[in-house]
Amino acid sequence: MFLLARLLRKLTRVGRLTVIDAAGGRHVFEGAPGPESTMRFHDRAAEWLLFANPRLYLGELYMDGRITLGNGELYGFLDWAGQNLQRIEQERRHWRATPPWVGQFVRYLQQYNPIVRARRNVAHHYDLSDTLYDLFLDSDRQYSCAYFASDNDTLEAAQDNKKRHIAAKLLLEPGVRVLDIGSGWGGLGIYLAKVGAGEVVGVTLSEEQHKVSNERARKEGLAGRAQFFLRDYREQEGRFDRVVSVGMFEHVGVVHYDQFFAKLRDLLTDDGVALLHSIGRSDGPGVTNPWLRKYIFPGAYAPALSEVLPAVERAGLWVTDIEILRFHYADTLREWRLRFARHRDRIKALYDERFCRMWEFYLAGCEMAFRYEAQMVFQMQLAKRVDTVPLSRDYINQWEMMNAGRGNLAV
């Protein structure tokens, strides 16, 4: 406990943490006024593991019940940790450097993502029970950052805002042909078909999402205009007036960015528009949290714009608009976390207690990352020609106002 106590003492800049070790000893770490929480160890080995690799073992020990965080309130502990990590990152940022070559080599191995591996990574997370996602997502099953236009927006309203915002940036017009890369459960693609797209083709690597999205299109009477295929984006052929990708780029891998944007360029018509919506990081290149990579999103990585833009340039594409969404994903995750908690007993019946603790840690931990750390979401509009989109952003608001309330799925 001695070494761990030294680590916690250095970490604590704000708030108060009370730690109860495996022998029952009590240790208090206190900084400036702020949040208060507790941590209780249930075996000595857990103390050593947390000291050795806190980013991996904090979540793992919580999942296994070997530590108790926050007197049963996980969120309170992670809020304390997030605020302190934010202070430390601010102090260190002035000398932070790009990862050394060893770190870059490890990232290459982690993010090498051929089609076979990509399918396996997607199945790990997205081919879980349909019921699970119905219990914590919105009614349209949007599993990406919502767009909260006001503090009073419900999750459903914010996800509708997101779809409308994306359609506006795509300059969606009647009859255009749209490709949705990473089409999820079909909500965005069906929305685009309902508000004017002539044809929508969606591609996903999830067997469950593929099945559900086509069934939803059939029920909406759009089976001929919105079709979804079990296919990697690298296997897609043809040309499209519009290309959109939401929440999929995080699974591409840095080593494949040139391939991704070259393929996007080839799929886009000469006067076409593309919209990329992805999690990113504002503090430069980094690595994925090891616990998140092991248990939730194997192979995933949220890039810095400095890693993305060179690949866009090499593909010969114009960046015609970038918008940074800051707290929108934190608020989205908050809504998912609260809905998960309301239905915890049903989710536990589907899986088990360890699964529930794992997902609670995932949802609360990611919310803290978007509130206090360098995580954000970017929407990047791309075109082949500099004059493809209007020179003023007024068209975005105009399209949204004209299409408010249109295209929502029947529930």
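The lining of the second largest cavity is made up, by class, of 7 nonpolar residues, 1 polar residue and no charged residues. This cavity belongs to a predicted model, and a search of the whole structure finds 2 cavities of 30 Å³ or more. Rolling a probe the size of a water molecule over the atoms shows where empty space is left. In the second largest cavity, that space comes to about 40 Å³. Its lining residues are Val 243, Val 244, Ser 245, Leu 264, Ala 274, Leu 275, Leu 276 and Leu 382. Two elements, strand S8 (240–246) and strand S9 (268–281), each give two or more residues to this lining.

Helix H14 spans residues 328–342 and helix H16 spans residues 353–372; their axes lie 8 Å apart and meet at an angle of about 160°. Angles over 145 degrees count as roughly antiparallel, and H14 and H16 are therefore roughly antiparallel to each other. The crossing in which H14 passes H16 is left-handed. On the H14 side, the contact involves Tyr 329, Ala 330, Asp 331, Leu 333, Arg 334, Trp 336, Arg 337 and Phe 340. These meet Cys 356, Trp 359, Glu 360, Leu 363, Ala 364, Cys 366, Glu 367, Phe 370 and Arg 371 in H16. Sorted by class, the residues of this contact are 11 nonpolar, no polar and 6 charged.

A second pair is formed by helix H11 (residues 257–267) and helix H13 (residues 305–314), which pack with their axes 9 Å apart at an angle of about 45°. That angle makes H11 oblique to H13. The crossing of H11 and H13 is right-handed. From H11, the residues in contact are Tyr 257, Asp 258 and Phe 261, while H13 contributes Glu 307, Val 308, Ala 311, Val 312 and Arg 314. The contact of H11 with H13 has 5 nonpolar and 3 charged residues, with no polar ones.

The remaining pair to describe is H8 with H9. The axes of helix H8 (residues 155–169) and helix H9 (residues 187–194) come within 10 Å and cross at roughly 60°. H8 and H9 are therefore oblique to each other, and their crossing is right-handed. Lys 163, Arg 164 and Ala 167 make the contact on the H8 side, and Gly 187, Leu 188, Tyr 191 and Leu 192 make it on the H9 side. By class, this contact of H8 with H9 consists of 4 nonpolar, 1 polar and 2 charged residues.

Definitions and conventions
Residues numbered from 1 in each chain as written. Predicted model: local features only at pLDDT ≥ 70, side-chain atom pairs only at ≥ 80, totals over all residues. Heavy atoms only, no water. Axes fitted to C-alpha atoms, helices over the stretch in contact; angles between N-to-C directions. Helix = DSSP H or I, 4+ residues; strand = E, 2+ residues; numbered from the N terminus. Parallel < 35°, antiparallel > 145°, perpendicular 65-115°, else oblique. Left-handed = near helix turned anticlockwise from the far one by under 90°. Contact = heavy atoms within 4.5 Å. Nonpolar A, V, L, I, M, F, W, Y, C, P; charged D, E, K, R; others polar. 1 Å grid on protein atoms, 1.4 Å probe; cavity = no way out; pocket = protein on both sides within 12 Å on 5 of 7 lines; lining within 4 Å. Points joined across faces, edges and corners; volume = space filled by probe spheres on them.
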